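I opened my notebook and went through this one piece by piece. Here is what I looked up, in the order I got curious.

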Amino acid sequence: MKDKQEEQFLEMLTRCERTVFKVCLFYTDRQPDNVRDMYQDIVCNLWEAWHRFRGESTENTWVYRIALNTATTQLRRRSRAPSIVRLTDEMVQSLADRQQEELADRLYRLIDCLSKADKSLILLYLDGLPYKDIASITGIAETTARKRVERIKQKLITLNEENNGNNI
């Protein structure tokens, strides 16, 4: 019985691994050791909660909820803001095409300027989740999620315009 549960967990983790990795990148300074530590913490929390997954939401929504809670808890524990560093080539290759490395790097640096709550929302939005799922994960109303994402997008545009030419 336990082997089957482990097998199901590993299969789910394989399907949702990109989600976990993205949360790690958004909530760390992107240093490989820190990303690995965050990843390990999230996977441990997922495993501890796996027996409570009832299928009332998609696996990915459930993973997002636990991953974001783990990341914000870890940040509170460390009580320090993440440093802004360039992504390593290895990380960029797994997230973006080499031709878009500069744009992806700039976007991450702009996102680093956002509050933790705004980072969570824009991460979910950028991953293509519908507003209904974003609302479910974050615990806010769907219309609120839509309005906040629009405000965050505008904030990112403004930050980009204000810092155009600067190395933010």
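This is a predicted model: local features need pLDDT of at least 70, side-chain atom pairs count only at pLDDT 80 or more; totals for chains, interfaces and linings use all residues.

**Entry 1**

I started with Arg30, which is buried, with a relative accessible area of 2%. The cut-off for buried is under 20%, so Arg30 makes it. Where does Arg30 sit? I found Arg30 in the loop between H1 and H2.

**Entry 1: the whole chain**

Next I zoomed out. I looked up eight helices and zero strands in the protein chain. Read from the N terminus, the order of elements is α-α-α-α-α-α-α-α. The protein chain has 168 residues, and 40% of them count as buried. I also checked contacts with a separation of 6 or more: residues 24 or more positions apart account for 68% of them.

**Entry 2: H2 against H3**

How do I describe a helix pair? Two packed helices are described by the angle between their axes and the distance between the axes. For helix H2 (residues 32-49) and helix H3 (residues 59-78), I noted an angle of about 125° and axes 9 Å apart.

I then listed who meets whom. From H2 the contact has Asn34, Asp37, Met38, Asp41, Ile42, Asn45, Leu46 and Ala49. Facing them in H3 are Trp62, Val63, Ile66, Ala67, Thr70, Ala71, Gln74 and Arg78. Sorted by class, the residues of this contact are nine nonpolar, four polar and three charged.

**Entry 3: a glutamine in H2**

While on H2, I looked at Gln40, which is found in that helix. Is Gln40 buried or partly exposed? Gln40 counts as partly exposed, at 48% relative accessibility. I also checked Gln40 against Val20, 20 residues apart along the chain: their C-alpha atoms are separated by 9.8 Å.

**Entry 4: H6 against H7**

H6 passes H7 in a right-handed crossing. On the H6 side the contact is made by Leu121, Leu124 and Tyr125, and on the H7 side by Tyr131, Ile134, Ile137 and Thr138. I sorted these as well and got six nonpolar, one polar and no charged residues.

Within H6, I found Asp118, Lys119, Ser120, Leu121, Ile122, Leu123 and Leu124 to be buried. After H6 comes Gly128, with a positive phi near 85°.

**Entry 5: the core**

Last, I looked up the largest nonpolar core, which has 43 residues. Which members touch the most others? They are Val23, Tyr27, Ile42, Leu46, Trp62, Tyr64 and Leu68. Helix H1 (2-26), H2, H3, helix H5 (101-112), H6, H7 and helix H8 (142-162) each supply at least two residues of this core. H1 gives the most, with nine residues.

Leaving out residues up to four places away in sequence, Leu68 touches Val23, Tyr27, Ser120, Leu123, Leu124 and Ile137.

Terms used
Residues are numbered from 1 along each chain as its sequence is written. Side-chain values use heavy atoms; hydrogens and water are left out. A crossing is left-handed if the near helix is turned anticlockwise from the far one by less than a right angle, and right-handed if clockwise. Helices (H or I, at least four residues) and strands (E, at least two) are DSSP runs, numbered from the N terminus. Contact means heavy atoms within 4.5 Å. Ala, Val, Leu, Ile, Met, Phe, Trp, Tyr, Cys and Pro count as nonpolar, Asp, Glu, Lys and Arg as charged, and the others, Gly among them, as polar. Axes are lines fitted to C-alpha atoms, for helices over the stretch in contact, and angles run from 0 to 180 degrees between N-to-C directions. Buried means under 20% relative accessible area, exposed over 50%, partly exposed in between (1.4 Å probe, protein chains only). A nonpolar core is a set of buried Ala, Val, Leu, Ile, Met, Phe, Trp, Tyr and Cys residues joined through side-chain atoms within 4.5 Å.
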